[in-house]
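Work through the exercises below with the model open beside you. Try each task before reading its solution.

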Amino acid sequence: MAPSALAPPLLALGEPDRALDWLEKGLAIYDPHLALLAVHQSYLPLHGHPRFQRLLVSLGLADV
C-alpha cells in the first residue's frame, strides 16, 4: 500500500499531523500518488498547513 493512501482516512479522523507523517514517508520513497496532492479533494484540509506547503514545494507543485 502506498503511504499516501493512509493520509485521507487519517484526515477524516481529524489527525492532520499523522496524515502529514504518511505523506512525508511517501515523499521519501517517491510515491507516485503524491502528484495529485495539490488537486485532490481529500487533501483540502491541509492546504493551509506549513508542512503541506513544504511537501508541495518539494514535489515541484508550488512555488517557494
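This is a predicted model: local features need pLDDT of at least 70, side-chain atom pairs count only at pLDDT 80 or more; totals for chains, interfaces and linings use all residues.

**Exercise 1. A charged pair**

With which residue does Arg51 form a salt bridge whose closest N and O atoms are 3.7 Å apart?

Solution. 
- Step 1: The partner is Asp17. The cut-off for a salt bridge is 4 Å, so a distance of 3.7 Å qualifies.
- Step 2: Locate both ends. Arg51 sits in helix 3 (residues 50-58) and Asp17 in helix 2 (residues 16-28), so the bridge ties together parts that are 34 residues apart in sequence.
- Step 3: Check accessibility. Arg51 has 16% relative accessibility and counts as buried. Asp17 is partly exposed at 45%.

**Exercise 2. The rest of the network**

How many salt bridges does the structure hold? List the others and say which residues they join.

Solution. 
- Step 1: The count is three.
- Step 2: Take Asp21. Its salt bridge is with Arg51, and the closest N and O atoms are 2.7 Å apart. Asp21 is in helix 2 and Arg51 in helix 3, 30 residues apart, so this pair links distant parts of the chain.
- Step 3: Take Glu24. Glu24 also bridges to Arg51, with the closest N and O atoms 2.7 Å apart. Here too distant parts of the chain are linked: Glu24 in helix 2 and Arg51 in helix 3 are 27 residues apart.
- Step 4: Join the pairs. Through shared partners, the salt bridges connect Asp17, Asp21, Glu24 and Arg51 into one network.
- Step 5: Compare with the 20% and 50% limits. Asp21, at 34% relative accessibility, is partly exposed because 34% falls between them. Glu24, at 31%, is partly exposed as well.

**Exercise 3. The nonpolar core**

Which residues of the largest nonpolar core touch the most other members? Then trace the contacts of Leu23.

Solution. 
- Step 1: The core has 13 residues. Leu20, Leu23, Leu37, Tyr43, Leu46 and Phe52 touch the most other members.
- Step 2: Ask where the core comes from. Helix 1, helix 2 and helix 3 each supply at least two of its residues.
- Step 3: Set aside neighbours within four places in sequence. Leu23 is then in contact with Ser4, Ala7, Leu34, Leu37, Tyr43, Leu46, Phe52 and Leu55.
- Step 4: In soluble globular proteins, nonpolar side chains tend to be buried together.

**Exercise 4. A backbone angle**

What is the phi of Tyr30 near? Describe the setting of this residue.

Solution. 
- Step 1: Phi of Tyr30 is near 60°, a positive value in a residue other than glycine.
- Step 2: Tyr30 is in the loop between helix 2 and helix 3.
- Step 3: With a relative accessible area of 72%, Tyr30 is exposed.

Key
Residues are numbered from 1 along each chain as its sequence is written. Side-chain values use heavy atoms; hydrogens and water are left out. A salt bridge is a side-chain nitrogen of Lys or Arg within 4 Å of a carboxyl oxygen of Asp or Glu. Helices (H or I, at least four residues) and strands (E, at least two) are DSSP runs, numbered from the N terminus. Buried means under 20% relative accessible area, exposed over 50%, partly exposed in between (1.4 Å probe, protein chains only). A nonpolar core is a set of buried Ala, Val, Leu, Ile, Met, Phe, Trp, Tyr and Cys residues joined through side-chain atoms within 4.5 Å. Contact means heavy atoms within 4.5 Å.
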